[in-house]
Amino acid sequence: PRHFAIVPAAGSGSRMGADKPKQYLPLLGRPLIHHALAVLCATPEIDKVFVVLSVGDAEWARHDWSALGPKLVPLFCGGATRADSVLAGLRAISGEAAQSDWVLVHDAARPCLASWHIDKLIRELAHDEVGGLLAVPVADTLKQADAQRHVQRTVPRDSLWQAQTPQMFRYVMLRRALESAHDVTDEASAVEAAGLRPRLIEGDTTNLKVTYPLDLHLAEWILQNRDK
Ligand code: CTP
Ligand code: MG
């Protein structure tokens, strides 16, 4: 099977509160999204990298993506939610992807994706029936509270993981799962709702999602100090 990447990048970045969507904010001299796209495009196993942009995206054309080479394909078909955007991307590539090809979905907002993250995911899931996702063990003690914020219980964290991306599933299975899913925030939830069990592949916390302004500083530090 081949491998395709789908990068949902049709969000507005409301929690960041910047003057443009966070995927286009400058990070070490390049648009934030450029970092993850470059790593995905440089992965030999990945045939093509589809970026799902919002229909009216005016920012993409303002930047130079030529350094990323011919694997990169922008699709102006984003939807109202992340899941809608991913599903629109899957539909748009139906002529390209075979049923059993792998699709790696990666958030545009995770610029610190490293090649070892992708290599480990692809290697460990190569013979898996279902697929899976990068994740990290939860580090903090977790409290469940009622509406008045009184602690009801401490949730044992030893079996809890934080989901990251890339999330890697077979094309047809992922598409069917997302077509029947409701209110899912990642691909794995849709696959779980279809009765299947994605596998967690341990990544690390450097692969953070840029959500708030502080995350931008963390991402910059991580990229600058990598390989040192
Ligand atoms: N995304 C998307 N289409 C949407 C919403 C989100 O493609 N309708 C993408 C974002 O661009 C991002 C990823 O999904 O790369 C993760 O979403 P999130 O971090 O929530 O980004 P935003 O939705 O842009 O941010 P916010 O929720 O703060 O508005
Ligand atoms: Mg969002």
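Author: One term before we start. Two residues are in contact if their C-beta atoms, placed from the backbone, lie within 7 Å. With that in hand, take Ile 33. Ile 33 touches Ala 9, Gln 23, Tyr 24 and Ala 108, leaving aside residues up to four places away in sequence.

Reader: Where does Ile 33 lie?
Author: In helix 1.

Reader: Does Ile 33 count as buried or exposed?
Author: Buried. It has 27 C-beta neighbours inside 10 Å, and the cut-off for buried is 20 or more.

Reader: What separates the C-alpha atoms of Ile 33 and Val 7?
Author: A distance of 9.2 Å, although the two are 26 residues apart along the chain.

Reader: Let me back up. What kind of model is this?
Author: A predicted model. The chain averages a pLDDT of 97, and 100% of the residues score at least 70. The scores for the model are ipTM 0.99 and pTM 0.97.

Reader: OK, the ligand. Which residues come nearest to ligand 1?
Author: Pro 8, Gly 11, Ser 14, Arg 15 and Ser 85, out of 22 residues around it. By class, that shell has eight nonpolar, 10 polar and four charged residues.

Reader: Which elements supply at least two residues of the shell?
Author: Strand 1 (3–9) and helix 2 (82–92) each do.

Reader: Tell me about helix 2. How many of its residues are buried?
Author: Eight of 11, so helix 2 is mostly covered. Ser 85 is among the buried ones, as are Arg 82 and Val 86.

Reader: What do the buried residues of helix 2 pack against?
Author: Strand 1, strand 4, strand 5 (72–76), strand 6, helix 4 and helix 5.

Reader: Helix 4 then. Which of its residues are buried?
Author: Tyr 171, Leu 174, Arg 175, Ala 177 and Leu 178, in a helix that runs over residues 171–180. They cover an arc of only 165 degrees around the axis, so they sit on the same side of helix 4.

Reader: And which exposed residues does the face turned away from the buried side carry?
Author: Glu 179 and Ser 180. The buried residues of helix 4 pack against helix 2, strand 6 (102–105), strand 10 (161–170) and helix 5 (187–193).

Reader: What about helix 3? Which residues are buried there?
Author: His 117, Ile 118, Leu 121 and Leu 125. Their arc around the axis is only 95 degrees, which puts them on the same side of helix 3. On the other side, Ser 115, Trp 116 and Arg 123 are exposed.

Reader: Why would residues three or four places apart point the same way?
Author: Because an α-helix has 3.6 residues a turn.

Reader: And what do the buried residues of helix 3 pack against?
Author: Helix 1, strand 7 (131–137), strand 10 and strand 11 (199–202).

Reader: New topic: the largest nonpolar core. Which residues touch the most other members?
Author: Ala 5, Ile 6, Val 7, Val 52 and Val 103, in a core of 53 residues. Among the contacts of Ile 6 are Phe 50, Val 86 and Val 105.

Reader: Last one. Where does Ala 42 lie?
Author: In the loop between helix 1 (32–41) and strand 4 (46–53). Ala 42 counts as partly exposed because it has 14 C-beta neighbours inside 10 Å. Its C-alpha atom is separated by 9.1 Å from that of Lys 71, 29 residues apart along the chain.

Terms used:
Residues numbered from 1 in each chain as written. Chains lettered and ligands numbered in written order. Predicted model: local features only at pLDDT ≥ 70, side-chain atom pairs only at ≥ 80, totals over all residues. Near = placed C-beta within 6 Å. Helix = DSSP H or I, 4+ residues; strand = E, 2+ residues; numbered from the N terminus. Nonpolar A, V, L, I, M, F, W, Y, C, P; charged D, E, K, R; others polar. Buried ≥ 20, exposed ≤ 12 C-beta atoms within 10 Å, placed from the backbone. Arc of directions from axis to C-beta. pLDDT = per-residue confidence, 0-100. Core = buried A, V, L, I, M, F, W, Y, C linked by C-beta atoms within 7 Å.
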